[in-house]
Amino acid sequence: MDLQGKKVTVHDMCLRDGMHPKRHQITVDEMVTISKALDDAGVPLIEVTHGDGLGGASVNYGFPAASDEEYLTAVCKEMNNAKISALLLPGIGTVDHLKMAVDCGISTIRVATHCTEADVSEQHLTMAKSIDNLDTVGFLMMAHMIEAEDLVVQLKMMEDFGANCVYITDSAGYMLPDDVTARIALARAELKPETELGFHGHHNMAMGVANSIAAVAAGANRIDGSLAGLGAGAGNTPLEVFVAVCDRMGIETGIDTFKAMDIAEDLIVPMMDHMVRVDRDALTLGYAGVYSSFLLFAKRSAEKYNLSTRDILVELGRRRTVGGQEDMIEDLALDMAKAQGTLKT
Amino acid sequence: MGNKIRAAIIGPGNIGTDLLIKAQRSQVIEPVWMVGVDPESPGLARAAELGLNTTAEGVEGMLPTMKADGVQICFDATSAYVHAENSRKVNDQGAVMIDLTPAAIGPFCVPPVNLDAAVSQRAMNVNMVTCGGQATIPLVAAVSRVQEVVYGEIVATVSSKSAGPGTRKNIDEFTRTTAKGIEVCGGAHRGKAIIVINPAEPPLIMRDTVHCLTQEEPNQEAITQSVLEMIKEVQQYVPGYTLKNGPVFDGKRVSIYMEVEGLGDFLPKYAGNLDIMTAAGLRTAEMYAEEILAGRFVPATE
């Protein structure tokens, strides 16, 4: 595979997807310290938002240590070269949140929907496109659930609404490299040549780096990663590993590999509440095709109702749940506990 | 037919058609007009077959004769963007507007919570909040009538097939309007609404989760009792309104897990989200009709 000289924009996730394993408790100070270090290491784009996007503060997903506005305001003003992005899931956040984030100084907005529901992003992508110099990205989650042909229809919809970049997102960490290749290659062939194409991986099957390289080989030019993998489930594609692999392959990221390694080891790992790794339950997410941020919710319900986390996750996969259905987890756990006779009804 | 109030349905889509079928069973409402904008609309054709007057010219097409046709109640099942204009036009002709869009220019109406109040205000425009609001606000109110709810949050999960283009284009209006309804009708100090669309096959039945955070420790017995009573109220017009789990008490969090199955009139049963809207809209219209028939209320131009 010759990818020598290929340029890739690496987008860091540890301050957004990384909010999931931190139960959204990353402090403003930690956000500022880490984003400054990322900026210094040459990471061009950093996402800063509640794990479930703007407006994600809720009983359902968790209340964060600070508001999106506080995080974004604090981080944006400290950046020298890096740009800041925010995530928005229609149905959770609104264009009001989008405008707030723009006022805070973001330069990229990513509008995320389930892979079959791109049309709910019309309001938000249209609005984003109308804002001068706002990098407007469409983000299709749980992209393993549909075939490449169907996915491209949805990506094109986002392109039509105004996205200058679209993402194929492996929210469940389910995909294997061939799955990524098929989807990215078809998207690259069908989308406008000027539309950028990205891949967001999760490491639940330990495929984060391999999948990201497959994506680059098939035509993606933006790759999401997270230092030390800090992200939902077994985490995102570990950014420092991806960058090191890119160095070896001659793919240009503009990131200082040793600095990235140091931030991962010295700043990120020490702040983890638990080791973000491919443990039994995270592996189950990837194996069963379940939205990665369900992990801690399933663990909590398993503990509360005396069930196996893996059983809950497998059942969530069987029911084809999608991102955002965290409320289903306790409901399902109650049903399972009733069924096994450990809960009085 | 002398003791029925005549009504028009604006919007011959899924909601409008389901509403038509329900309205035809009503003892006090007689649907006489179906208003659309697309001459090819199957909903208009169906309404014409059922003997209604139809137009594909929008509300303009009905205005010249609606007064002569005796239309005193209109339902708007179009979209938030065109609602204000529709409402102004029919109000000018002396008809009450029942708004099934999330436009929310009139007072909110969630039948088991505040239908009496809405009707006694004699409002010429009432808003049915949103599907998620109709499914969840009664339960927020069931908790808040027992004790202070500082925060009410609802998560509505609907099947892809039941989320039409209007909802999809209006998704922000859904979250905003529902959140406001949780506060205004539900009685929570602060409201938050989330909607999730799931494409699974076979389509999932509408699911709703209600989370309330109470000011003081929740009175478990009183809240459980109040929630069960409220569910019975809603079941009077949506029989498939079902408690799945809860109320779950966890510190000051009260969580209620619901499923809403529709009657399956025109819409499939899984689309409980749409059914609860049409059922609530009709319930509201019937209350108005009863007031008009009893001579207690005369709709008038403003």
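Reply: A residue is termed buried if 20 or more other C-beta atoms lie within 10 Å of its own, exposed if 12 or fewer do, and partly exposed in between, with C-beta atoms placed from the backbone. The model is predicted: local features need pLDDT of at least 70 and side-chain atom pairs count only at pLDDT 80 or more, while totals for chains, interfaces and linings use all residues. Residues are numbered from 1 along each chain as its sequence is written, and chains are lettered from A and ligands numbered from 1 in the order in which they are written.

Consider B:E221. This residue belongs to helix α9 of chain B, which covers residues 220–235; helices (H or I, at least four residues) and strands (E, at least two) are DSSP runs numbered from the N terminus. B:E221 is exposed because 9 other C-beta atoms lie within 10 Å. Between the C-alpha atoms of B:E221 and B:V140, which are 81 residues apart along the chain, the separation is 16 Å.

The contact between the chains involves 27 residues from chain B and 24 residues from chain A, where two residues are in contact if their C-beta atoms, placed from the backbone, lie within 7 Å. On the side of chain B that touches chain A, the elements supplying at least two residues each include β7 (149–159), α8 (171–184), β8 (188–198), β9 (206–214) and β10 (240–250). The largest share, 6 residues, comes from β8 of chain B. By class, this side of chain B holds 11 nonpolar, 8 polar and 8 charged residues; Ala, Val, Leu, Ile, Met, Phe, Trp, Tyr, Cys and Pro count as nonpolar, Asp, Glu, Lys and Arg as charged, and the others, Gly among them, as polar.

The backbone of chain B also deserves attention. Most peptide bonds are trans, and most residues other than glycine have a negative phi. The bond joining B:E201 and B:P202 is cis, with omega about -10°, and B:P202 sits in the loop between β8 and β9 of chain B. From B:G246 to B:P247 the peptide bond is likewise cis, omega being near 0°; B:P247 is placed in strand β10 of chain B.

In chain A, the point of interest is phi. A:R23 has a positive phi, near 50°, and is in the loop between β1 (9–12) and α1 (28–40) of chain A. A:R23 counts as partly exposed because it has 16 C-beta neighbours inside 10 Å. A:N133 has a positive phi near 60° and lies in the loop between α4 (122–129) and β5 (135–141) of chain A. With 5 C-beta neighbours inside 10 Å, A:N133 is therefore exposed.
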